[in-house]
Amino acid sequence: MQFHHHGYVSGDPRVQAAAGTGLDRPEELPGETDVLIVGSGPAGMLLAAQLAQFPSITTRLVERRGGRLEIGQADGIQARSVETFQAFGFAERIVSEAFWLTSMNFWSPDPADPSSIVRTAREKDDPAGVSEFPHLIVNQARVLDYFAESAANGPARVKPDFGWEFVTLQVAESGEHPVRVTLRRSAGEGEGEERVVRAKYVVGCDGARSRVREAIGRKHVGAVSYHAWGVMDILADTDFPDIRTKCAIQSHDEGSILLIPREGGYLFRMYVDLGEVPDDDHGKVRTTPFDAIVAKANRIIAPYTLEVRNVAWHSVYEVGHRVTDKFDDVSIAETGTRDPRVFIAGDACHTHSAKAGQGMNVSMQDGFNLGWKLGQVLEGRSPASLLSTYSGERQVIAQNLIDFDREWSALMARKPEDFDSPTELAEFYTRTAEFPAGFMTEYQPSPITGEKTHQDLAAGFPIGKRFKSAKVTRVGDSNPVHIGHHHRADGRWRIYAFADTAAPTDPSPLRDWAEWAATAPDSPITRFTPAGTDIDSVFDVKVIYQQPLDDVQITDAPEVFFPRVGPFQVRDYEKVYATLPDDDIFEGPRRRPRRRARDRPSRPLRRAHPAADRARRAHRLLRPEHAPPAPPPPPSR
């Protein structure tokens, strides 16, 4: 975290100075706003936190509840989401309070006594080491609290407007605020009263029964699988030995359980298989008594027993798999003729089972994908057509999720005798680990994702996928750091320049590029950085040299990597990096000793270089969802 460059900060450095719309933010909901977010779930709150970084934008978030969510249904936080938390500055705090999922155990009927279960496998949660962050379990309500804090502490000071529910909307063909939204007071003084708010853009994050989705004529496509599950968060006394480990438990005749330990060391969640649901059930299964769910759980885990002492929450649901036909208000026939004004995100777009731990995670990535794009468009940095990429990118991801979840849910509901081997479920879990972890998202070529013409220069970083962080030495203070952890969702674009083999002071393609970037009229930095602002106010540019720390002097770095910032024009010492001797980012998986630059011949940029982008200039421009553990703000390739 960097601060003090605008003067000494004696308070919490996470509280940014209010600016722009945050200086005079009215408590009452205004009649006009730039962005109106409907719903304070994961997608909505992340969107608010991102837009709070744009003080020129007026953002309001309405929520029909009278206050914050106290207990949420979602709890699984995949590693990709923790990387996103890093971008918003609260990864370390939420990691410290969460339960870490490091392995998953599998239980099946005992061949010697099928009426009893035995442990048959123990699988690592992240066998490939795809992220430096862990898979977590923490209640959705706490995740929303952290995003609410981030939004409230951002320059625009965005806070939810509780007690307002969405009624309907109309989109005009013209006007500065063309979306006319009718809201109704749902809690507090004046309950039942209606009012109209006009917005430039509206985002419906209002859940599976989204009224915003209905208002723009979008349809949920899919069906219910007619298989029911009881879910309960409980404190219980049990002799089951793996109660603090994630488990898939399959009995011979009684169905299965997915066991999820919860944060805090005592609470845990059970998804209990209630079996197939008849076509004519008409929702009757949802009235299954809690005691019946507990009795079923005891039959599944026999010979072990479970005595419930306290119930935090419980429910019964039928698995449904649905994807909305489009994620914005532009019909197929209108595509290319106008830009979208209304969007939907999260459960309003996709619904599925909870057992793959994807709902909250994919919803947050929806919000992140759309948030930086809205910020760039409303600040005038990008054309409004950028917003059309949201639906196309995220709808594909949602469909992939549904396809995966359908397979995972079917496996969880399958009887033991229907598997080809007792380890089939465990093998599927390990084989597909990267998908639910959030690392298989790969956006296709578009106005903001380049073609793979030079992909061979960066084989370790597929274009269109998230930019995996790696460790380097920060030259200014000699600390080993992850290059992605300095990466914030602050509205700036990121460029990572991976140097060629020349010494930092010698003539090189990197120095030529740095000079061009800082001074050339056609450089994006000189073109788009507003006059009178810091050189890194729009583009945050970093360099990673191929030399180790002792061979790099920070004052030898070109100005674009060692800029003066803030009102006192002090140097930023956190943009210049060198390699680590035992973890060389340029070597990738080939870990071999390096010679000092003066002892080795000049050589071209290695093709194994895991993060170079354009031939010998080797620079990479990142967008948010593709960033290192801290997804960055927008980029364009």
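Visitor: Which residues in H1 meet which residues in H4?

Guide: This is a predicted model, in which local features need pLDDT of at least 70, side-chain atom pairs count only at pLDDT 80 or more, and totals for chains, interfaces and linings use all residues. Residues are numbered from 1 along each chain as its sequence is written, and side-chain values use heavy atoms, with hydrogens and water left out. Helices (H or I, at least four residues) and strands (E, at least two) are DSSP runs numbered from the N terminus, and contact means heavy atoms within 4.5 Å. On the H1 side the residues are Pro42, Met45, Leu46, Ala48 and Ala49, and in H4 they meet Gln140, Leu144, Phe147, Ala148, Ser150 and Ala151.

Visitor: How do the axes of H1 and H4 run, roughly parallel or roughly antiparallel?

Guide: Axes are lines fitted to C-alpha atoms, for helices over the stretch in contact, and angles run from 0 to 180 degrees between N-to-C directions. Angles under 35 degrees count as roughly parallel, over 145 as roughly antiparallel, 65 to 115 as roughly perpendicular and the rest as oblique. The axes of H1 and helix H4 (residues 140-153) come within 8 Å and cross at roughly 20°. That makes H1 and H4 roughly parallel.

Visitor: At what angle do helix H1 and helix H7 pack?

Guide: Helix H1 covers residues 42-51 and helix H7 covers residues 359-378, and their axes lie 8 Å apart. Among the residues that make the contact are Leu46, Leu47 and Gln50 of H1 and Met364, Phe368 and Trp372 of H7. H1 is roughly parallel to H7, because the two helices pack at an angle of about 30°.

Visitor: And how are H7 and H8 oriented, roughly parallel or roughly antiparallel?

Guide: The axes of H7 and H8 come within 10 Å and cross at roughly 170°. Residues of H7 including Val362, Gln365 and Asp366 meet residues of H8, among them Thr389, Tyr390 and Glu393. From the crossing angle, H7 and H8 come out as roughly antiparallel.

Visitor: Which residues of helix H6 are buried?

Guide: Buried means under 20% relative accessible area, exposed over 50% and partly exposed in between, with a 1.4 Å probe and protein chains only. Helix H6 spans residues 290-300, and its buried residues are Phe290, Ile293, Val294, Lys296, Ala297 and Ile300.

Visitor: How many disulfides are found in the whole structure?

Guide: A disulfide is a pair of cysteine sulfur atoms within 2.5 Å. Cys205, which is buried with a relative accessible area of 10%, has the sulfur of Cys349 as its nearest cysteine sulfur, 8.2 Å away, and is in no disulfide. A search of the whole structure gives a count of zero.

Visitor: Is Asp161 buried or exposed?

Guide: Asp161 sits in strand E8, residues 160-162. Not counting residues up to four places away in sequence, Asp161 touches Arg25, Glu27, Leu29, Arg60, Leu61, Val62 and Glu63. With a relative accessibility of 8%, Asp161 counts as buried.

Visitor: Which residues does Pro416 touch?

Guide: Pro416 lies in the loop between helix H8 (388-413) and helix H9 (424-431). Its C-alpha atom is separated by 6.7 Å from that of Gln250, although the two are 166 residues apart along the chain. Leaving out residues up to four places away in sequence, Pro416 touches Pro109, Gln250, Ser251 and His252.
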